[in-house]
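Subject: Structure for your files

Hello,

Here is the structure I said I would send. Please open it alongside this email.

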Amino acid sequence: MKSKVYFTRDISPESVVEAYHKLGVTLPGKVAVKIHSGEKGNQNYLRPEFWKPMVDEIGGTIVECNTAYGDAAGGVRDNTDSHWKLLEEHGWTKYFDVDLLDAEGPDLIWEIPNGKVLKENHLGKNIANYDSMLVLAHFKGHPMGGYGGALKQLSIGCASRAGKALIHSAGVTDDRFETWQKHASKIVFPEAMADAASSVVNHFKGRLAFVNVMKNLSVDCDCCVVAEDPCMKDIGILASLDPVAIDQACIDLVMNSDDPGKEHFMERVTSRNGIHTIEAAEDLGIGTREYDLIEF
């Protein structure tokens, strides 16, 4: 059965809320809202003001986790103290309740019995305090994964610092200082991301919703201190209950675009085998690549 993906070309805070309501669901209980808070120096991340009407609409709590990289990459989100400072500088704490899920250990470990690469996922322990999750993704490229969307938010986004190291090294190490010498291949890294994403989907099964915003379409992620400027015009906002379908729909919208920048964007995706993350996630049973795109 095809999944429904709702799409509007209007990119505004109000359209995010409208897209969410097209899903016809009410996320129950305490809602975690997964966003990307933007690395220090990054120019492309979506600001808290953009997301505010949506977060206010559901009364959610912004959630983030520490990163696996630090001074070597120029980032400051790899430890709780400097990450909190940046969350304040970027305005997240001004507008929202914010929960840095792995601010304090120990990590929460979820088993992945059918994982292709990983057999467990290490997450910020505070994720267990939430009943449902809204994933708000800025769809764009990614230096290692090819692209970043809903599946990346579920996997690397929800993983603790050690969990991120495990994903990036395909289970070789949870030591962030060794991770960058143990990059996973273009096959196992996408599969590790899909494995980690599957554990979050299975935990919140039936209590998840996804919004992808195709704006500031750079080949680089919001985790980059200095990202390449966008290479394509903005495309729109998508919403779905299926993380596989929504990411596939975004890729298809790029590929079907007449924007001359799409070749540069897709070169980043294909050179990193990014679509394999979508393929692996479908194979794990957490969604389908078959969808109906419903424009409104």
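This is a predicted model: local features need pLDDT of at least 70, side-chain atom pairs count only at pLDDT 80 or more; totals for chains, interfaces and linings use all residues.

Residues are numbered from 1 along each chain as its sequence is written, and side-chain values use heavy atoms, with hydrogens and water left out.

Helices (H or I, at least four residues) and strands (E, at least two) are DSSP runs numbered from the N terminus.

Helix pairs

Helix α9 (residues 243-255) packs against helix α10 (residues 262-271) at an angle of about 140°, and their axes are 9 Å apart. Axes are lines fitted to C-alpha atoms, for helices over the stretch in contact, and angles run from 0 to 180 degrees between N-to-C directions. α9 is therefore oblique to α10 (under 35 degrees is roughly parallel, over 145 roughly antiparallel, 65 to 115 roughly perpendicular, the rest oblique). On the α9 side, I251, V254 and M255 make the contact, meeting K262, F265, M266 and V269 of α10 (contact means heavy atoms within 4.5 Å).

Helix α8 (residues 188-203) and helix α11 (residues 275-283) pack at about 45°, with axes 8 Å apart. That makes α8 oblique to α11 as well. P190, E191, M193 and A194 of α8 touch H276, T277, A280 and A281 of α11.

Strand β1

In strand β1 (residues 3-8), 5 of the 6 residues are buried, so the strand is largely enclosed by the rest of the structure (buried means under 20% relative accessible area, exposed over 50%, partly exposed in between, with a 1.4 Å probe and protein chains only). β1 runs parallel to strand β12 (residues 291-295), joined by 5 bridges, and S3 has Y291 as its bridge partner there.

Regards

Notes: Two strands pair if DSSP finds at least two bridges between them.
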